[in-house]
Amino acid sequence: MFDSNRKVTADRAAAPTLRDVAKLAGVSPFTVSTVLNGARSSTRVSEGTRQRIVDAAKEVGYRPNRLARSLQSKRTNIIGLYFGYGSLEPHDPFHAEVLTGLQRGCEAYRKDLMIHYSFHKYSVDEVFSELAGGKIDGLVLLTYSQDPLVARVQDSGLLVVAITDALEGIPSVVADDAQGSRMIAEHLHEKGHRKVMYRICPGISDSAKRRYESFLARASELGIEVVALPSEDWRGELGESEKAFMAQIGSTGITAAVCWGDPSANALLKFCHDNRIDVPNQLAIVGFNGIKPNVEPRQRLSTVRANWSDVAEQAVSLLARRIDGESVSLWTTVQVQFEPGETT
């Protein structure tokens, strides 16, 4: 019988071993390994013996060897995140929401998350070698299609899922950018706007492109004229050409501005306040993302709420299923909601 009062004499400085557990439970080290480390075996272990081993492991403070388990199963139960837009900033509202979703997904599927904050300092070969070196079972990609790492990953055996920006040939989880942009066009049309400006994303972004093209298509159907205004800064700060355009906004007939993202919209809102342009009476402003900024704007922005934490959580679900050998869709869309605010 298993005596829970028996103690194993061992060097206190040494970590408990399988043999310590086996001695206390009265079984072989091989049986302990089968139960605790998931070793493959045809040996059947009764529920009573299994519980005795678990109790003994708790008593001696034994922790299963994660490296040994990964060698046996050829898995680490770790997934990685690659962020291809420079440094990942945990205090950035968008980044924080993505990380929240990834953490929720990892908790649900009992995975750990590995994040590298300094990939932008290394070459593509160095980054790829780190990612494909066996430390992770799969990878979540948040990057643009022209990122040279994408091609390297596609040609490797590494299991990947993309988020936010869809990547060709790679399972991707995205917000419904098209539907969100159609809802913006319909909202402005209902408000009586017939000529609007669109602040275009300053860089390469699949999601921003979908938003712009979908807005143009729906605006055309509704009889709304769209004036494209390329922006120059990812944070939305207006460049000199935009400032010059805004100085003449009253004579252009434009009554609303649609921005590719909330940072762009909030920066434009601040510019309007600083330059005494009445929002929304002289110029209505709409954003996209619906993420609460670090600094509360003077007016609550009308925007499309893209649920980025849900996007990230679904990406983990797809990646876990791929790791388990399942086939998944190449395209997963997460619904968005239009949130009218004080700027339209």
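Entry 1. I began with isoleucine 184 and, leaving aside its neighbours within four places in sequence, listed its contacts: Phe215, Val258, Val286, Gly287, Phe288, Val304 and Phe338. I note at the outset that the model is a predicted one.

Entry 2. I then asked which residues touch the most other members of the largest nonpolar core. They are Ile184 and Phe215, in a core of 49 residues. Helix H12, spanning residues 308–323, supplies the largest share of this core, with eight residues. I also found a second, separate core of 18 residues, and Met246, Ile249, Ile254 and Ala257 are among them. As general background, I recall that nonpolar side chains tend to be buried together in soluble globular proteins.

Entry 3. I turned to the sheet. What is the order of its four strands? I read E7-E6-E8-E9, in an open sheet with parallel pairing. The edges are formed by strand E7 (225–230) and strand E9 (284–286), each of which pairs on one side only. From one strand to the next, the twist averages 20°.

Entry 4. Strand E6 covers residues 195–200, runs parallel to E7 and is joined to E7 by six bridges. Lysine 195 is placed opposite glutamate 225 of E7.

Entry 5. I next checked which helices lie on these strands. Helix H10 (residues 240–247) lies across E6 and E7, and its direction makes about 145° with E7. Helix H11 (residues 262–274) also packs on the sheet, where H11 touches E6, strand E8 (256–259) and E9. The direction of H11 is at about 160° to that of E9.

Entry 6. I moved to helix H3, residues 47–60. From first C-alpha to last, its 14 residues reach 20 Å, close to the 20 Å expected at 1.5 Å a residue. Which residues of H3 are buried? I recorded Thr49, Ile53, Ala56 and Ala57. Viewed down the axis of H3, the buried residues fall within an arc of 100°, so they line one face of the helix. Glu47 and Lys58, on the other side of H3, are exposed.

Entry 7. I asked what covers the buried residues of H3. The cover includes helix H1 (18–25) and helix H2 (29–36). Finally, I inspected the residue that follows H3: glycine 61, with a positive phi near 80°.

Key. Residues numbered from 1 in each chain as written. Predicted model: local features only at pLDDT ≥ 70, side-chain atom pairs only at ≥ 80, totals over all residues. Heavy atoms only, no water. Pairing = 2+ DSSP bridges. Helix = DSSP H or I, 4+ residues; strand = E, 2+ residues; numbered from the N terminus. Axes fitted to C-alpha atoms, helices over the stretch in contact; angles between N-to-C directions. Contact = heavy atoms within 4.5 Å. Core = buried A, V, L, I, M, F, W, Y, C linked by side-chain atoms within 4.5 Å. Buried < 20%, exposed > 50% of the residue type's maximum accessible area, 1.4 Å probe, protein only. Expected span 1.5 Å × (residues − 1). Arc of directions from axis to C-beta.
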